[in-house]
Amino acid sequence: MSRGFSLIEATAAVAVISIVMLGTSLLLSRLPITGREARDQDVALRVARTRLELLQGGGYAALPTTTPMAFNDSLLTTLASSSASLTVADYASTTKRVDVNVSWLGSKGMRTITLTSLISQSAGLP
Amino acid sequence: MNRTRGFTLLETGIVLGITVFAMAALTNLYVTFTRVYGYEQVYTGMAGSANESMAAIEAAVLPADGVLVSHAFSTGTFTTGTSTLVLELPSIDASGVTLFGLKDYIAIYATSTYLMRRVEANVQSVRVTGTKQLAGSLASLSLTYDNADVTLAKSITASLRMNAQYNGQTASSTLSQVLYLRNTP
């Protein structure tokens, strides 16, 4: 006997199509977020590198003594709820360890990157 | 109930309605996807070329002997300023060994929306003489020096901004970095 689709079959088909479309939309909505995350991380890394470059350029004697110390950078305004700080600690008798932290608000809460370098009394940039 | 019959008007209407709704949703998905993807592509390309440009500036600055006030290149004379940087670098051979007394010259400069790099290398140097376009969507380039006499400069602050257009939307990318010369006498 010839018959059409039952209501159950039709509903199941619509449900399957809906799930596929929902999946595609979710994927689509992640695309700009992923791109933004990558760019933010790049900017944060650049801020930290510039600070390390300045500290190395300034030399051992000019390292700040009261840390953690917050610092500013023109690029920080391009990151959401961002802050930056650096910590100086004794590493050896004439060498100090510098940690530079940059935090910002990502899509899944606060994110932080840290760059570490050693700055020695005897060596530095010319 | 064994007679054959067609759809009623109500049934046809409902089916038509659902189909139209599904088509509209699909079209919307397609349009949104195209727009988001196109924008991301433009933005990523621009951010990439901003990064490449900054890397090229860094690669020229770090090994430089110093900044020159100006230098006569075969394509014209470049004078260091806020949008032009003229550097003198020690020539190096293929294994990276410095060739004493020989110099290469690099100028990084902005012309309208282009960021350009001119290299003039000594014949024995591994660097290649030529002009290269580093970026094509430059909005602004700002170079500042830590000394009013640029020949004594030990660090350079490079800031660049790039703009790209997509469907009337403007995407812009700003980068800024402090670079210390590693080879100053």
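Two residues are in contact if their C-beta atoms, placed from the backbone, lie within 7 Å. This is a predicted model: local features need pLDDT of at least 70, side-chain atom pairs count only at pLDDT 80 or more, and totals for chains, interfaces and linings use all residues. Residues are numbered from 1 along each chain as its sequence is written, with chains lettered from A and ligands numbered from 1 in the order in which they are written.

A50(B) shows the rule at work. Leaving aside neighbours within four places in sequence, A50(B) contacts A135(B), L160(B), M162(B), S173(B) and L175(B).

A50(B) is also among the residues that touch the most other members of the largest nonpolar core, which has 38 residues. A nonpolar core is a set of buried Ala, Val, Leu, Ile, Met, Phe, Trp, Tyr and Cys residues joined through C-beta atoms within 7 Å; buried means 20 or more other C-beta atoms within 10 Å of the residue's own. α1(B) gives the most to this core, with eight residues.

Chain B also holds an open sheet of five strands, ordered β1-β4-β5-β6-β7, with antiparallel pairing. Strands are DSSP runs of E, at least two residues; helices are runs of H or I, at least four. Strands pair if DSSP finds at least two bridges between them. β1 and β7 of chain B stand at the edges, each with a single partner strand, so one side of each lacks a neighbour in the sheet.

| Element of chain B | Residues |
|---|---|
| β1 | 66-67 |
| β6 | 114-120 |
| β7 | 130-135 |

β6(B) and β7(B) pair over five bridges. R118(B) has T131(B) as its bridge partner in β7(B).

Definitions and conventions. Buried ≥ 20, exposed ≤ 12 C-beta atoms within 10 Å, placed from the backbone.
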